[in-house]
Amino acid sequence: MTILTVRNVNKRFGGLKALNEVNLTVEQGTVHAIIGPNGAGKSTLLNCFVGRLEPDTGTVDFDGRSLLRLKPHEINQAGVSRVFQTPEIFSDLTLIENVMIPAFARRDGAFKLHALESVRQERDIHKHAMMMLDDVGLTRQAEVVASQLSRGDKRRLELAMCLVQDPKLLLLDEPTAGMARADTNNTIELLKQIAGRGITMVVIEHDMHVVFSLADRISVLAQGTVIVEDLPENIKGNIKVQEAYLGGAHL
Amino acid sequence: MLANSRRGDRALLLFFVVSVLLMPFVAAPFGASYPDLLQKFAIYGIFAIGFNVLFGLTGYLSFGHAAFLGVGSYAAVWMFKLLSYNVVPALVLSVIVAGLFAVLIGFISLRRTGIYFSILTLAFAQMMFALAYSVLTPLTNGETGQQVYTGDPQYLALATDPDTTHLFGVKMNEVFLKTEFLGFEAQFNYGYYFAAIFLIIAFWIALKIYRSPFGLMLRAVKTNQNRLNYTGINTKPYTLAAFVISGMYAGLAGGLLACMDPLAGAERMQWTASGEVVLMTILGGAGTMLGPVLGASFIKYFEAVFSKINDHVLHDWFSFLPDPIANLLTVIVSPFVGQGWHLTLGALFMVIVIFLPGGLMEGINRVMRLMRKLGGSERAAMAGHPGRVREGEP
Amino acid sequence: MDAILLQILNGLDRGSAYALIALGLTLIFGTLGVVNFAHGALFMLGAFCAVTLNKLFSISKVTIDPTKQDFLGNPLQVKVPYLQAWFGDFGTALMDWSVPLAILFSIPIMLLVGLIMERGLIQHFYKRAHADQILVTFGLAIVLQEVVKAFYGANPIPTPAPEALKGSFDFGLLLGFGPDKIIYPLWRLVYFCFAAGVIGAVFAFLQLTTFGMVVRAGMADRETVGLLGIDIDRRFTLMFGLAAAVAGVAGVMYTPINSPNYNMGMDFLVLSFVVVVVGGMGSLPGAVLAGFLLGILQSFAAMNEVKSFFEAMFLPSIDQIIIYLVAVIVLLIRPRGLMGRKGVMED
């Protein structure tokens with residue numbers, strides 16, 4: 001079942017056409033990767049899914065409703081979670097607090113004036129959050145302040161924050177950016193686990209190793225246009241893709 | 001210092017209640033145990049606690065909170081004029097009116113963040129200050145300030161009511177007990193305890209907020225508002241709620257000020273008065289529970305004390321030294337005391353922001369940690385977290 | 001028509017002050033990324049440089065003139081300034097022109113003050129949050145004004161303009177209107193021209209010199225400039241000193257218009273920040289433009305006709321609040337200000 005449909009999306013920035021008639025369909029429970037050389041428009045496209053940018057024309061439909069003109073929190077409440085290129089977490093709070101907040105958001109909605117209740121008494125939320133930290137392997141650091149984590153661990157925390165909301169769609173913007181090999185492999189394992197639970201994922205990536213380990217389908221974006229959309233094995237030998245990259249791929 | 005636990009919070013609350021109730025004794029050795037000053041400790045403590053809910057938790061720096069203080073005062077005085085000197089309706093109106101203003105100003109100002117927000121609040125406060133002196137003079141009485149005149153209706157006043165602010169007959173400024181503590185005079189008056197009750201309630205509410213999911217969201221706003229939005233939380237109502245809550249605290253403080261002295265003047269709304277509550281909160285320790293009250297008391301105390309020190313007093317202090325040195329010291333210290341209190345305050349503020357951004361509370365915590373370490377308990381020292389005060393520290 | 005022109009002229013002197021202060025604020029923000037709440041205090045310090053020079057020049061010796069008597073019947077004490085005693089007419093002229101001369105006096109002082117401020121305090125706050133910068137510079141502003149208050153007292157100290165420039169100028173005649181239609185105080189005109197000159201000099205410096213070019217590059221992209229091996233820190237430090245000097249001379253020349261007082265800095269600072277925000281934080285032309293615009297706007301709002309008009313619409317005392325109202329409206333509709341760069345401090 002198609003869960004995300006992007007149709008005829010165009011976006012111009014002044015004289016530059018960043019996105020040109022982009023079409024994309026993502027089936028539920030699959031991992032769909034978006035690759036392409038630098039400047040191809042991948043991040044621009046992602047920003048159109050998350051309420052940061054409005055496309056000039058086109059539609060973005062998710063689970064039966066349009067994602068356009070929604071605010072970021074509304075998009076999240078619709079079931080879309082995202083991970084940022086540089087992990088965005090609550091640095092001054094502890095890990096457990098970091099994961100409890102999205103849990104609260106899922107349970108209580110976008111706003112609730114729960115000013116006289118006590119966080120300590122929220123056992124269920126606490127338990128759920130601890131489970132997520134277990135899943136990503138950060139149990140022992142639950143009471144650590146998030147700013148002290150390594151980059152790889154911050155990424156895991158961010159993923160835990162997304163998972164606790166049981167998202168229908170998980171958007172990942174270069175999840176292994178800036179990571180060394182060991183960290184990257186760990187992240188791939190974690191992402192595979194997440195995919196194994198049936199969570200739909202859209203991944204923007206540069207690291208081909210990551211892409212080919214995870215993706216069920218790949219869209220290749222170059223200069224704002226989707227040049228190919230196919231299964232991974234067909235992408236590998238594709239001449240057009242190789243031309244687009246001109247040696248930029250890490251194979 | 002105290003872990004984030006039920007017991008820790010209870011102990012904190014108990015400590016606070018006891019300190020506040022015994023304040024006339026505690027203040028006596030410092031020469032501070034008289035009604036006017038004690039009341040100021042309590043009232044500005046309330047102001048600072050409320051400001052801390054906004055600034056300490058969300059990080060939004062408002063330079064316009066004095067406007068709510070002023071509005072609260074004016075509202076209270078109008079109740080005195082129209083109804084009676086009974087403080088109850090006055091306070092109710094103070095909080096409501098201040099809250100309404102806070103909704104309006106907050107709604108507009110919070111459309112922006114960071115310094116834009118600060119300037120917006122400053123702009124609104126200055127606007128209200130200017131208006132209070134000009135157009136709103138029917139309400140505010142301009143420079144003279146608003147007070148109760150013999151011609152005022154006071155519709156609900158009974159013949160038996162006192163001719164000053166009271167709570168159902170109990171006069172606010174009446175001193176019901178004068179005693180000695182450690183050789184210093186301690187005065188107990190109704191007004192202080194009236195304000196102190198509100199202070200305790202204010203503290204309790206702030207503690208609840210701090211420990212609540214709402215408080216958690218506010219702290220998340222401070223550290224990464226963007227992330228919070230993408231996590232499905234609509235941050236605007238959260239920040240507005242924090243703003244209005246802190247505005248209502250300020251309104252209550254303003255109303256209480258009028259309860260102690262039924263006079264409301266526009267100078268309370270000047271941006272320098274807003275600056276003062278910023279100073280109090282930061283000096284005490286923003287984001288902590290005890291910090292704001294500590295900072296408020298500290299500033300009000302030294303304001304009272306310093307203004308009494310003049311060259312004669314200084315010379316007396318230094319009289320045990322040979323005359324030329326005594327004279328020199330007097331000259332050096334003189335600009336910092338008496339009329340120069342603001343100089344000392346400004347310098348102290350800078351020192352705190354530069355070296356001890358967690359304020360006096362951070363200083364106290366560090367000293368306690370040091371003492372624990374010296375006391376031989378290495379484990380206990382490790383349990384404390386270095387640097388900034390975080391959740392769990394009072 | 002002439003009334004309108006007069007109001008425009010009236011707004012120019014305050015507008016010039018706003019523009020100069022806002023220019024310095026934006027320079028500091030654009031180069032160092034620091035929000036400097038002590039900038040108004042620098043303006044005030046400049047004004048007090050003029051006061052100091054005036055006082056220095058006026059140091060007098062007291063002689064007794066036995067031939068005359070004061071109202072109590074004692075021999076008259078005559079105060080003769082040393083300058084006059086030593087240099088006669090030249091000395092008197094020096095005293096008369098103390099305000100313009102104070103420009104020369106204040107520039108090195110303000111440069112030094114700026115450098116000390118930057119190296120001693122501000123540089124430690126580059127990486128800290130804007131709130132912390134505001135707070136520490138706010139504290140510094142209080143300290144500076146209190147120090148001045150301790151030395152000079154709490155009352156305004158009149159500091160007159162040179163005799164030759166004290167009068168009024170019949171502007172109307174110049175523009176072809178009838179006589180006595182538009183009369184404008186000469187010194188205010190001088191101030192405006194002076195401000196325009198300073199602004200022009202700053203822009204010329206930034207546009208035409210290599211140093212200025214490097215600074216502009218650094219304002220646009222600090223990291224890249226550093227990667228090019230250019231020591232941007234030293235240049236930025238000098239820019240701070242320059243901004244302090246600009247604020248200082250603005251204060252010097254303003255003294256005849258409004259007697260300097262220890263808290264004049266704060267008054268101007270609040271409004272100057274509003275100006276900077278309206279003009280667009282990070283935009284130098286924006287700051288200058290907004291400064292003049294808001295000064296003129298304030299002047300218009302003080303016109304009786306305008307005031308009555310707004311009074312009827314329940315907005316009395318419009319001149320007091322117009323700047324703030326405009327700021328609120330601008331911030332809400334166009335948060336980056338008139339000419340701000342997109343993305344500077346937007347949420």
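How many helices and strands does chain C have? Chain C has 15 helices and 4 strands. The legends below describe a predicted model.

**Figure 1. Overall view of chain C, with 15 helices and 4 strands.** The radius of gyration of chain C is 22 Å, close to the 20 Å that the globule rule gives for 347 residues, so chain C is as compact as a globular protein of that length. Along the principal axes, the C-alpha atoms of chain C fill a box of roughly 75 × 55 × 35 Å. Buried residues come to 48% of the 347 residues of chain C. Among contacts in chain C with a separation of 6 or more, 74% join residues 24 or more positions apart.

**Figure 2. Close-up of H12(C) against H13(C).** Helix H12 of chain C covers residues 264-279, and helix H13 of chain C covers residues 284-301. Their axes come within 8 Å and cross at roughly 120°. That angle makes H12(C) oblique to H13(C). The crossing is right-handed. From H12(C), the contact takes Val275(C), Val276(C), Val278(C) and Gly279(C). H13(C) contributes Gly286(C), Ala287(C), Leu289(C), Ala290(C), Gly291(C) and Leu294(C). By class, this contact has 7 nonpolar and 3 polar residues, and no charged residues.

**Figure 3. Overall view of chain A, with 9 helices and 10 strands.** The radius of gyration of chain A is 19 Å, close to the 18 Å that the globule rule gives for 251 residues, so chain A is as compact as a globular protein of that length. The C-alpha atoms of chain A fill a box of roughly 60 × 40 × 35 Å, taken along the principal axes. Of the 251 residues in chain A, 46% are buried. Residues 24 or more positions apart supply 69% of the contacts in chain A with a separation of 6 or more.

**Figure 4. The contact between chain B and chain A.** Chain B brings 25 residues to this contact, and chain A brings 31 residues. On the chain B side, helix H8 (190-211), helix H9 (213-230) and helix H10 (235-260) each supply at least two residues. Which of the helices of chain B gives the most to this side? H9(B) does, with 12 residues. The side of chain B that touches chain A divides into 11 nonpolar, 8 polar and 6 charged residues.

**Figure 5. Close-up of H1(B) packed on H8(B).** Two packed helices are described by the angle between their axes and the distance between the axes. Here helix H1 (residues 6-21) of chain B and H8(B) pack at an angle of about 160°. Their axes lie 10 Å apart. Angles over 145 degrees count as roughly antiparallel, and H1(B) and H8(B) are therefore roughly antiparallel to each other. The crossing of H1(B) and H8(B) is right-handed. The contact of H1(B) with H8(B) has 11 nonpolar and 2 charged residues, with no polar ones.

**Figure 6. The contact between chain B and chain C.** Here 34 residues of chain B are in contact with 31 residues of chain C. Helix H6 (114-133), helix H11 (271-284) and helix H15 (341-355) of chain B each supply at least two residues of the chain B side. H6(B) gives the most to this side, with 12 residues. By class, the side of chain B that touches chain C has 22 nonpolar, 10 polar and 2 charged residues.

Figure 7. Is His342(B) buried or partly exposed? His342(B) has 18 other C-beta atoms within 10 Å. A buried residue needs 20 or more, an exposed one has 12 or fewer, so His342(B) counts as partly exposed. Leaving aside neighbours within four places in sequence, His342(B) is in contact with Ile142(C) and Glu146(C). Within chain B, the C-alpha atoms of His342(B) and Ser307(B) are separated by 9.9 Å. Those two residues stand 35 residues apart along the chain.

Methods
Residues are numbered from 1 along each chain as its sequence is written. Chains are lettered from A and ligands numbered from 1 in the order in which they are written. This is a predicted model: local features need pLDDT of at least 70, side-chain atom pairs count only at pLDDT 80 or more; totals for chains, interfaces and linings use all residues. Two residues are in contact if their C-beta atoms, placed from the backbone, lie within 7 Å. Ala, Val, Leu, Ile, Met, Phe, Trp, Tyr, Cys and Pro count as nonpolar, Asp, Glu, Lys and Arg as charged, and the others, Gly among them, as polar. The radius of gyration is taken over C-alpha atoms; the globule rule is 2.2 Å times the number of residues to the power 0.38. Axes are lines fitted to C-alpha atoms, for helices over the stretch in contact, and angles run from 0 to 180 degrees between N-to-C directions. Angles under 35 degrees count as roughly parallel, over 145 as roughly antiparallel, 65 to 115 as roughly perpendicular and the rest as oblique. A crossing is left-handed if the near helix is turned anticlockwise from the far one by less than a right angle, and right-handed if clockwise.
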